[in-house]
Amino acid sequence: MSKVMLEVKELTTKYVTRFHEDIYAVDHVSLKNEEGKSLGIAGESGCGKSTLALSLMGYYFAPLHYTSGEIIIDGRNISKMDPDDIRRTILGTEIAYIPQAAMNALNPTQKVINFIEDVIQAHNPKATKTEIYELARERFEILGLPAEVLQKYPVELSGGMKQRTVIATSVILCPKILIADEPSSALDVTSQKMVIKMLRDLMDNGFIKSMIFITHELPLLYNVTDDIMVMYAGQIVEKGTAEEVVFDPLHPYSKGLMNSIIVPESGARHVKLSAIPGVPPNLKNPPQGCHFADRCKYVQPECKAHPIDLQEIAGERAYRCIFSQDYLRKAYKNGG
Amino acid sequence: MADEKKLCLCGSGLTKIYGLGRQKCIAVDHVDFEISECEFVSIVGESGSGKTTLAKMLLGLTKPTEGEIYFQGKKRDISTLRKKKEYWKSIQAIFQDPYSSYNTFNKIDTVLLDCISMRGGRKLPHAKKIDLMEEACSFVNLKFEELTNKYPFELSGGQMQRLMIARIFILKPQILMADEPTSMIDACSRATILDMLMKLRKDIGMTIIFITHDIGLAYYISDCVYIMEHGKIIESGSAEEVILHPKEEYTRRLINDVPKIHEEWDLSSVSYA
Amino acid sequence: MKNTIQQVFHSRKFVTGFSIFMALLLIVFFYPFLIKDDPLAIIGQGNFFPPGIYVNVYDSLHSTTYILNLDDAAVKRIGNTLGDQERQDIKDWLVAYGIPEDQIDIDNTKQLLTQWEENYDPNISVTDMTFARQRYYERIDTSLKGLLSTEGMIIAKTNPQTGVLEQTDTIEQSEYADISEVANIKVLPLGTDNFGRDVLTELVKATGVSLQIGFIAGTIATLIGLFLGLLSGYVGGLMDDIIMFFTNLFTVIPSFVLLILISFSIGQDNRGASTIAVVIGFTSWVWTARAVRSQVISLRNRDHVNLSKLSGHSTFHIIINDILPYIASYVIMALILQISSAILAEASLSILGLGPRTTEIPTLGLMMNWAMIYQAQILGKWWAYFPVIVMIALITFSLNLMNTGLDQVFNPALRD
């Protein structure tokens, strides 16, 4: 077993609204990511996956607040650290984060190289301009970005190019973990593929040690990550390897998600898509029992009675449901 | 076979040029197409390929620079507001962004009542109007009692888009132009929307023009696919034909670039150019 | 809608501005009911009476007198006429006249006065003294007469039969009148202006008129700007080009220059307050038009407008229902700014003498103009112009504060 890069134990964070209501967007989430592995987080919008991404950095600002739990990066617990220390010593060097609209992070009045200089000098004030340029050029070339990009202004670059530039810049300090929150969902399929290739290259070249990839596009997740976690209403409802989760989902919610996959493959036309009825619960007052109970086909009275624990089965596989895996598999087979 | 199908909407040499002189930008370049009644047509292209401009021209929101549109065999005439109104009774649209598709100052009731009036139901008794709205809402799996007196922005993106379909259900146009109706909402709601579009066609016999950048969606849902690149239609044909046996290099690339699950997704072929 | 208003009234900036403005409005509205005087009645003979309580001398002579023996009465009386400045001036004169400096003690009132009485002669011309200075010393001399006397004053009347002056009464130095028994007292909290008019009453009236000018001009400017902005933004094409041509024309010519030229060409006789308001309104719509146009252009391409078109609504219906509500907050903010800038524009015009012609109604700008013509600022008659400045500042401050508050409510990026 290789080294664990990121370990999260029972992390709970909440939003506090203007009216002082608490919204538990991340509810006792535990995860583990090993060196050289990538972890995918799937779920519909509003399930807390983006909040999880923000929470993992340990850098909290209103309205997001830390409640409990631990974040351990390469053996170092950052959950109790001062936000300013986190910014100085963790962000960029240990954890890098790419939000969905990362391409808008580029300052339109600055050349790309100036942006990179800022990033590097914030952590290493002694770095000279030529050193930085050489480093950036070398890195960009490995990642398939032409060196001319460095001397350009953001407006001169296309959307996909900007996104890749920001990603290359954000990992220039070789962070241990990269958190990518829907880095390609605003892009064309072609640019999306380039971004994915780039993320793969980052892993292969060792510029990042592990990656957390967040998206609601399951086919993409399946192709990018080794493991997948499915998140629903702030909780992890299922985790396992990509294959297991996509082809043999256990939790009824994951099953529902898998039924909404559309891919341009022969035969896909004849698959009957099925959507999950209803809406996710309001996280201001999360339900007592299973969060998914109200939308679940197989719901039993006891589902709503008490919180459901994650059932661990072989390997790293786990799911949050009262039924046994055999029961669920059989039910899916009969119910289509 | 060709005789059975009645042509619904045709375009010949449709061109739209924005700007003048050096800043000239050809958005749509001599596009020809024929759409039969009750057909589900997809127009696939990347951003900037001119598919939305094409949609706006078909809707009569933008004037084509060149070319003609034929509606039900006759040349389309929308020179006056009255004729436009008549045309819009037979063609309606769902737009990409549900959040900007609603007037945030109008309640949901207003949105639906507006459609009833447009269908000539302005003088219907109130109870009848409520019945119509309830029927439309139940068609899209929404409960009218829960929506009444609410504002559209209180709904989720998926629900808003479903309300758009409820609107179409009341209006019952012959043609529905769906301009990327699923691209702003997440994968789970997507299936619902697609289901409802198919149901619209089956139950009402609507012709649906579905504009998308996702070739997987186009393959799943449509009978006929047009691929657009740089304002031109470069390939067209039945969905099976185009997606499973693409002739053009561009189409092949589009298909390759979509992540797959049962087949190998080849990342090594990516060129960074 | 209700929510928005609630939010607006949660903004502290807006509420502060709104309260100041409302207070001003209330004063303007209710003051005439309390003080029924004509704001422009000339009550003072002479100009720039300082702020104070004016007691009728004749009436106080005829009211009941009370004897109060107060020790410091004499000192105060002398001190009132013979202030430090006067003592110094007397010393200067005496030194210039030739009395050695060490013999003069300005704190010894008795000695100083004796020296003055012995030596002063208005006919003696001291070297290097201006005529005005000589007159000043003559005035001092008159006021000093009988300063040290402890005698009362004799009041005499001419007997109509004999034509002889007869003593009717004497007033002792220790006699007092109760102010509440004096029939005529006039309180002038801000004194009088150059024409001898009560500044406070005039100021309140002027504020009312200036606010009216502001409202009229602001409304006209906003309506024109809104109309042209909507038209050019929504209709576009040739209409847009034509309107933008005129808008740009107006932008290039400084509107204040335009304002001066128009006011001048209207002529002295036709320039009433409302004319000026209309002129200001017609020259300041440019920025509203441009701002509204750019907002409308971005709204025009929103899908809800397209959908409204597809629903067969007329252009008018779309503008009223789908465009106006979105820019309403913006237009209200523009209106507030227009009002405050119109008030300032009127003030600036009037100072230049191009404001309303009349002396029948005051405006804040006219009051400044009058004060300036009669050199209140040089003579140090602060009460003629300073309250006007404070009033203008208060109005524009409160309006701008309201505007900033609204901006914070409507523009989430500015919320704190």
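**View 1. In the packing of α8(C) on α15(C), L364(C), L366(C) and M367(C) of α15(C) meet E202(C), L203(C), A206(C), T207(C) and S210(C) of α8(C).** Two residues are in contact if their C-beta atoms, placed from the backbone, lie within 7 Å. By class, the residues of this helix contact are five nonpolar, two polar and one charged. Ala, Val, Leu, Ile, Met, Phe, Trp, Tyr, Cys and Pro count as nonpolar, Asp, Glu, Lys and Arg as charged, and the others, Gly among them, as polar. This is a predicted model, in which local features need pLDDT of at least 70 and side-chain atom pairs count only at pLDDT 80 or more, while totals for chains, interfaces and linings use all residues. Residues are numbered from 1 along each chain as its sequence is written, and chains are lettered from A and ligands numbered from 1 in the order in which they are written.

**View 2. The axes of helix α8 (residues 199-235) of chain C and helix α15 (residues 364-373) of chain C cross at roughly 130° and come within 7 Å.** Axes are lines fitted to C-alpha atoms, for helices over the stretch in contact, with angles from 0 to 180 degrees between N-to-C directions.

**View 3. Chain C has 17 helices and six strands in its secondary structure.** Its radius of gyration is 32 Å, well over the 22 Å from the globule rule for 416 residues, so chain C is more spread out than a compact globule. The radius is taken over C-alpha atoms, and the rule is 2.2 Å times the number of residues to the power 0.38. Helices (H or I, at least four residues) and strands (E, at least two) are DSSP runs, numbered from the N terminus. The C-alpha trace of chain C spans about 105 × 55 × 50 Å along its principal axes. Of contacts in chain C between residues at least 6 apart in sequence, 74% join residues at least 24 apart.

**View 4. Chain C is split into domain 1 (2-43 + 194-414) and domain 2 (83-144).** These bounds come from an automatic or database domain assignment. The C-alpha centres of domain 1 of chain C and domain 2 of chain C are 57 Å apart.

**View 5. R290(C) sits in helix α12 (residues 286-300) of chain C.** R290(C) has 20 other C-beta atoms within 10 Å and is therefore buried. A residue is buried with 20 or more such atoms within 10 Å of its own C-beta, exposed with 12 or fewer, and partly exposed in between, C-beta atoms being placed from the backbone. Buried residues are 30% of the 416 residues in chain C. From R290(C) to I42(C) the C-alpha distance is 47 Å, at a sequence separation of 248 residues.

**View 6. At the meeting of chains B and C, 13 residues of chain C are in contact with 17 residues of chain B.** On the side of chain C, the elements giving two or more residues are α13 (303-310) and α14 (315-351). The largest share, six residues, comes from α13(C). This side of chain C has three nonpolar, six polar and four charged residues. Two pairs of chains are in contact, and chains A and B share the most contacts. No contact joins chain A and chain C, whose closest C-alpha atoms lie 11 Å apart.

**View 7. Chain B has ten helices and ten strands.** Its radius of gyration is 20 Å, close to the 19 Å that the globule rule gives for 273 residues, so chain B is as compact as a globular protein of that length. The C-alpha trace of chain B spans about 60 × 45 × 45 Å along its principal axes. Of the 273 residues of chain B, 47% are buried. Among contacts in chain B between residues at least 6 apart in sequence, 67% join residues at least 24 apart.

**View 8. Helix α1 (residues 51-59) of chain B is mostly covered, with nine of its nine residues buried.** Among them are K51(B), K56(B), M57(B) and L59(B). G60(B) follows α1(B) and has a positive phi, near 85°.

**View 9. H30(B), in strand β2 (residues 25-36) of chain B, has a phi near 45°, a positive value in a residue other than glycine.** H30(B) counts as partly exposed, with 15 C-beta neighbours inside 10 Å.

**View 10. C174(A) lies in the loop between α5 (159-170) and β7 (177-181) of chain A.** Phi of C174(A) is near 50°, positive in a residue other than glycine. With 16 C-beta neighbours inside 10 Å, C174(A) counts as partly exposed.
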